[in-house]
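Subject: Handover of a structure and the findings in it

Dear colleague,

Please find below the structure that I am passing on to you. My findings follow it, grouped by region.

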Amino acid sequence: MTLTAPVGGTTAGQPLALGTARVVVPNNTVVQGADTSAETEGVHRFTAETGQAWTQGVTPIYFDVTNNRYTTTSSGNVPAGYAWKNKASSATTGEVKLAG
């Protein structure tokens with residue numbers, strides 16, 4: 001999809017919450033107000049909260065905007081998709097299949 005970069009701009013590969021309903025992954029680093037393309041589907045690896053194990057294809061994943069990471073905690077976070085691969089609780093990154 002094409003979107004206009006919000007306040008703070010976008011960073012390529014870093015998840016971006018669009019309101020409280022969905023997460024996209026920008027393809028480019030751009031400044032606020034510039035147009036950029038972003039992925040709405042596919043598998044993306046990014047920082048994840050430790051202390052949480054994920055089960056491939058089962059665990060729902062959310063994006064924690066405050067801490068800029070994926071999490072299994074739904075409260076106050078934006079739905080992102082589901083775990084693409086298992087993640088050990090000690091792992092600092094995880095692979096997420098975006099909900100689209």
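Two strands are taken to pair if DSSP finds at least two bridges between them. Please note also that this is a predicted model.

Strands S6, S8 and S9

With that criterion in mind, I begin with strand S8, which covers residues 78–83. Strand S8 runs antiparallel to strand S9 (residues 93–98), and three bridges join them. Within this pairing, Ala83 has Val96 of S9 as its bridge partner. Strand S8 is also joined to S6, by four bridges and again in the antiparallel sense. Here Pro60 has Tyr82 of S8 as its bridge partner.

Strand S8 contains a further proline, Pro79. Its relative accessibility is 35%, so Pro79 counts as partly exposed. The C-alpha atoms of Pro79 and Ala99 are 7.9 Å apart, although 20 residues separate the two in sequence.

The aromatic cluster

Three aromatic pairs are present in the structure. One of them is formed by Phe46 and Phe63, whose ring centres lie 6.5 Å apart with 55° between the planes, a tilted arrangement. This pair links distant parts of the chain, as Phe46 belongs to strand S5 (residues 43–47) and Phe63 to strand S6 (residues 60–64), 17 residues apart. How buried are these two residues? Phe46 has a relative accessible area of 14% and is therefore buried. For Phe63 the relative accessible area is 3%, so Phe63 is buried as well; the cut-off for the term is under 20%.

Phe63 also pairs with Tyr70: the ring centres are 5.9 Å apart and the planes stand at 75°, so this pair is edge-to-face. The limit that decides the matter is an angle over 60 degrees. Tyr70, like Phe63, is buried. Through these ring pairs, Phe46, Phe63 and Tyr70 are linked into a cluster.

Asn68 lies in the loop between S6 and strand S7 (69–71). The residue is not a glycine, yet its phi is positive, at about 55°. With a relative accessible area of 28%, Asn68 is partly exposed.

The four-stranded sheet

Turning to another part of the chain, four strands form an open sheet in the order S1-S4-S3-S2, and their pairing is antiparallel. Which strands stand at the edges? They are S1 (2–4) and S2 (16–18); each has a single partner strand, so one side of each is left without a neighbour in the sheet. From one strand to the next, the twist averages 55°.

Strand S3 (residues 22–26) and strand S4 (residues 35–39) are joined by two bridges and run antiparallel. Pro26 has Ala38 of S4 as its bridge partner. As a general point, side chains in a regular strand alternate between the two faces of the sheet.

The largest pocket

Empty space can be located by rolling a probe the size of a water molecule over the atoms. The largest pocket has a volume of about 220 Å³. Its lining is made up of 13 residues, and those nearest the centre of the pocket are Gly9, Gln14, Pro15, Leu16 and Ala17.

Yours sincerely

Technical notes:
Residues are numbered from 1 along each chain as its sequence is written. This is a predicted model: local features need pLDDT of at least 70, side-chain atom pairs count only at pLDDT 80 or more; totals for chains, interfaces and linings use all residues. Side-chain values use heavy atoms; hydrogens and water are left out. Rings of Phe, Tyr and Trp (its six-membered ring) pair if their centres lie within 6.5 Å; planes under 30 degrees apart count as stacked, over 60 as edge-to-face and the rest as tilted. Buried means under 20% relative accessible area, exposed over 50%, partly exposed in between (1.4 Å probe, protein chains only). Axes are lines fitted to C-alpha atoms, for helices over the stretch in contact, and angles run from 0 to 180 degrees between N-to-C directions. On a 1 Å grid over the protein atoms alone, a cavity is a set of points where a 1.4 Å probe fits but cannot get out, and a pocket is an open set with protein on both sides within 12 Å along at least five of seven lines; lining residues have an atom within 4 Å of a point. Grid points are joined across faces, edges and corners, and a volume is the space filled by probe spheres set on the points.
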